[in-house]
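Work through the exercises below with the model open. Each one gives a task and then a solution in steps.

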Amino acid sequence: MGFTLPFIYGASRKRRAQVISVDFGSRTTKAVLLERRGELFALTRYALVDAPIFEKKISPEQLADHLHAVSEALGGTTKYISAAVALADSVVRQVELPQIPLDEMRHILKMNHKNYLQQDLPNHAFDCYIIPPRTLGNAKKSEPLQNLSPAKFKVLAAAAKQQLVDDFLKAASMAGLVADGLVPSLLGPINAFERALPEINASETVALVDIGFKHTSVCVLDRGELATIRTVNIGGDQLTSGLAEAMNISYAEAEGIKVGMAPEVETALQSQVLPLGREIRASLDFFEHQQDRPVTEVYLSGGTTRSEMIVKMLHTEILADCKTWDPTSFLQLALPGQQAVELDHVGPQLTVAIGTALATY
């Protein structure tokens, strides 16, 4: 289902009844508890937990304490846990590889990572996902039939530091949990979007933009096929810090104003948003020039997108229809009372965690 790059492989992939999925943040960790109900999934609980240390490396012992706190916040009903690897901690590229088993693909990546991933990546774990070829129904009529069954596979290749993988495995074990997967956070919005808006995913060319704390991911999906991947080094933190400096107010005040749509801050906020809009537009231009296809809509996620003003500013700068979307729309909701009430507000922040859970189910 969706894109699956769990980095942890070899164990049997059983259909879990429940799974915890965690999206670690610099300030806030987002987590969900998903439950399989036949072919459907239910969101039974979510949690927003303060990160243990801001902008510092934490030990496996500290991470174990944090994972235990997350598990307890979600009710402690399952031991299986998956986590998203932050954009800054993973490398994801689309490559072509021979039609060989996945284990052999991983070996090729390990031996030739500089060639395939354009970086020297010693002491890294590697994984890959074979992108299904576009079906004849989704292909252009002018597209040669032989292009649908190429001699090589299109493959999504990824790398993460082996130490990061080892630390997560150790921390999960210390917390009494079972590590089910580590998934590049870039893939979370793609997996959730595929489920939430399947018709649009299958038939249109759209961009998924997830604005995180430090970075923003931009992925162009061309009729369900991942066509462009880019990470932008601008996130919600930079927007808030810039607004605080411009208005000579505290970070907390700026964060509240940023999301709260105060008209008097529009000019100051716009100067922070425009660089992000330009970077997103450049990513769309790259795809459009390469493929001669327009990106029809831009779908935004992340806590920052709760600000209608920011969404409107991005729409103006990107010159494309920008809209938010609900990553929980395909889920059955079985949340406790207060969480059910707050889900509309919290939902955009859960996109990566939900998509990560789908990748490892």
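Helices, of at least four residues, and strands, of at least two, are DSSP runs numbered from the N terminus. The model is predicted. By that count the protein chain has 12 helices and 14 strands.

**Exercise 1.** Find which residues of α1 are buried, and decide how they are arranged around the axis.

Solution. 
- Buried means under 20% relative accessible area. In α1 this picks out P60, L63, A64, H66, L67, V70 and S71.
- Viewed down the axis, these buried residues fall within an arc of 165°, so they line one face of α1.
- An α-helix has 3.6 residues a turn, so residues three or four places apart point the same way.
- On the face turned away from the buried side, α1 carries the exposed residues D65 and E72.
- The cover over the buried residues includes β1 (18-23), β2, β3, β4 (80-85) and α4 (162-174).

**Exercise 2.** Describe the largest nonpolar core and the surroundings of V32.

Solution. 
- The largest nonpolar core has 38 residues, and V32 and L34 have the most contacts inside it.
- Among the elements that each supply at least two of its residues are β2 (28-37), β3 (40-50) and α12 (351-360).
- Beyond its neighbours within four places in sequence, V32 has contacts including V19, L43, L74 and I354.
- Another core, of 30 residues, lies apart from it and includes V209 and M309.

Conventions: Residues are numbered from 1 along each chain as its sequence is written. This is a predicted model: local features need pLDDT of at least 70, side-chain atom pairs count only at pLDDT 80 or more; totals for chains, interfaces and linings use all residues. Side-chain values use heavy atoms; hydrogens and water are left out. A nonpolar core is a set of buried Ala, Val, Leu, Ile, Met, Phe, Trp, Tyr and Cys residues joined through side-chain atoms within 4.5 Å. Buried means under 20% relative accessible area, exposed over 50%, partly exposed in between (1.4 Å probe, protein chains only). Contact means heavy atoms within 4.5 Å. The arc is that of the directions from the helix axis to the C-beta atoms.
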